[in-house]
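Hi,

Here is the structure I promised to pass on.

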Number of protein chains: 2
Amino acid sequence: MTVVGIIGGTGKLGGLFRKIFEEEGFEVLVSSRTTSLSKEELIRKSDIIIVSVPIKSTIPVIREITPFIKEGKLLMDLTSLKVGPINEMLKSKADVLGAHPLFAPSIGDVKGQTIILCPQRISNKELYQKVNFILTNRGANIVEMTPEEHDKMMAVIQGLTHFSAIALCHCMKDLNFDIKKSFECTSPVYRLTLDMAGRILNQEPELYADISLLNPITPEILLQYIKSAETLFKKIQTKDREGFIKFFEEASQYLGDFTEKAEKESNLLIKKMVSE
Amino acid sequence: MTVVGIIGGTGKLGGLFRKIFEEEGFEVLVSSRTTSLSKEELIRKSDIIIVSVPIKSTIPVIREITPFIKEGKLLMDLTSLKVGPINEMLKSKADVLGAHPLFAPSIGDVKGQTIILCPQRISNKELYQKVNFILTNRGANIVEMTPEEHDKMMAVIQGLTHFSAIALCHCMKDLNFDIKKSFECTSPVYRLTLDMAGRILNQEPELYADISLLNPITPEILLQYIKSAETLFKKIQTKDREGFIKFFEEASQYLGDFTEKAEKESNLLIKKMVSE
């Protein structure tokens, strides 16, 4: 029988993966600060070793355990970042699989949820295929990419989206902008934009600090955003109408068909918002 | 009988106001490039004179007509900007009312729609009260503010919102970011943010250029935004976790109760989006 060992298996995400592997007939071992089983013992007994600890502890924990991991095992992590943890896991002798489940574990199952997998140095295909098959078979949407692709994508999807929303609201604060009065005369685009920003700013600042500060690609993405903003600002400041139109059209062409789709999708949402 | 004269009354917005005043029992005169009635004659015969021409032509048209307007009349415009047109209207001898209807005239009535009014130098209260009463009575949501408040508010509601969305998409283009792949592994916040950006980028670039370039307050608002973005960027670049958390909390406190409301409102929208 294949044995899965989860380090941090008493956390929310570790607990969900424990449940899934147990339901699929695996023996699951768990090691955390509250278990008697040590990490070293868990590693010796397991075929698949999953590290499921907070972002900040992931690399230190991997560094601590790699010396004990033998060839032929599969070492896997579940962090929102991939380049750093995977480079650390590659220092072991094991096969390496980076994973990033894009959902809150409180949802309780992987059905309909997206999980990014970064398979690296897979010599023993059997173990990787087992993991991939189980998740796919339970209805997860598996997207494979390289760790670099993943971190760049998350630097945009999470880092850049959070960044522009936080900067927007902080700027409104610095301007002493009367937000209550603005809601009396709002456009739907403005309201929905603030809804997204407000949603982000209703979360834990510590989590968002880790997502932004620990992704090594985020700074270069944000720097490009500031450059783009400065370029557009110059056009507005100098009243360069042709330049503004060209910049607008370039962005629009980049989105392609999506602009029409976005208008339809947001029309539905705006109707819904107005009717609530 | 009170006579209303609309300059540009054959356009969409002018046409809507013509319909409204006619239905309310006013005599309405219209002057445009396609009518035989001249602007001068219209002004002589009207008590309320409404300028309803494209943003770019508003100030030149007001400049052209002010010499002919006598005391006791009400001069009104319908532009998305207020400081410039109102300053120009104040050079006449008439009472001055700036208005900005916050809706597309294709909607066909003012019921449930927001109209910002900037009453300036109102010596003859009767004419202003007639206009205000008619719009309120037909179900419009009237918000009064100063021209400066209006232009600052629109520089944020329209200028800043459009600016950050256009810069975001142009940045993604400059990064060669794979947007199709990103949709395979998107979070709801990211999808809705791009929906709003795509909606903006599906409109006419010329209109958006005028909205951004002709509001004199937009540059200072955008400059503050770039400053806020640079401040946050520095915290991320130098991995200043405490500084990031403080900046995040300041923005969150500025939004106040709205963050929770935004999360609830966006939860509804996200459920709607997922179920479509």
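Starting with the domain interface: domain 1 of chain A and domain 2 of chain A bury about 930 Å² between them, with 76% of that on carbon and sulfur atoms. On the domain 1 side, the residues that lose the most area to domain 2 of chain A are I55(A), L81(A) and M145(A), which together account for 51% of what that side buries. Bear in mind as you read on that this is a predicted model.

For orientation, domain 1 of chain A runs over 3-145 and domain 2 over 149-238. Their C-alpha centres are 32 Å apart. In terms of contacts, 11 residues of domain 1 of chain A meet 9 residues of domain 2 of chain A.

Now the two chains. Chain A superposes on chain B by a rotation of 180 degrees with 0.0 Å of shift along the axis, at an RMSD of 0.1 Å. The two copies are therefore related as by a two-fold rotation axis. Both use the same surface, as 100% of the contact residues of chain A recur in chain B. Within chain A, L269(A) gets closest to the rotation axis, with its C-alpha at 3.0 Å.

Last, the core. The largest nonpolar core has 142 residues, and M172(A) and M172(B) have the most contacts inside it. Leaving out residues up to four places away in sequence, M172(A) touches F177(A), I179(A), Y190(A) and L194(A), plus V156(B), L160(B) and Y254(B).

Cheers

Definitions and conventions:
Residues are numbered from 1 along each chain as its sequence is written. Chains are lettered from A and ligands numbered from 1 in the order in which they are written. This is a predicted model: local features need pLDDT of at least 70, side-chain atom pairs count only at pLDDT 80 or more; totals for chains, interfaces and linings use all residues. Side-chain values use heavy atoms; hydrogens and water are left out. A nonpolar core is a set of buried Ala, Val, Leu, Ile, Met, Phe, Trp, Tyr and Cys residues joined through side-chain atoms within 4.5 Å. Buried means under 20% relative accessible area, exposed over 50%, partly exposed in between (1.4 Å probe, protein chains only). Contact means heavy atoms within 4.5 Å. Copies are superposed by least squares on the C-alpha atoms of residues with pLDDT of at least 70 in both. Domain bounds come from an automatic or database domain assignment. Buried area is the accessible area (1.4 Å probe) that two parts lose on being put together, summed over both.
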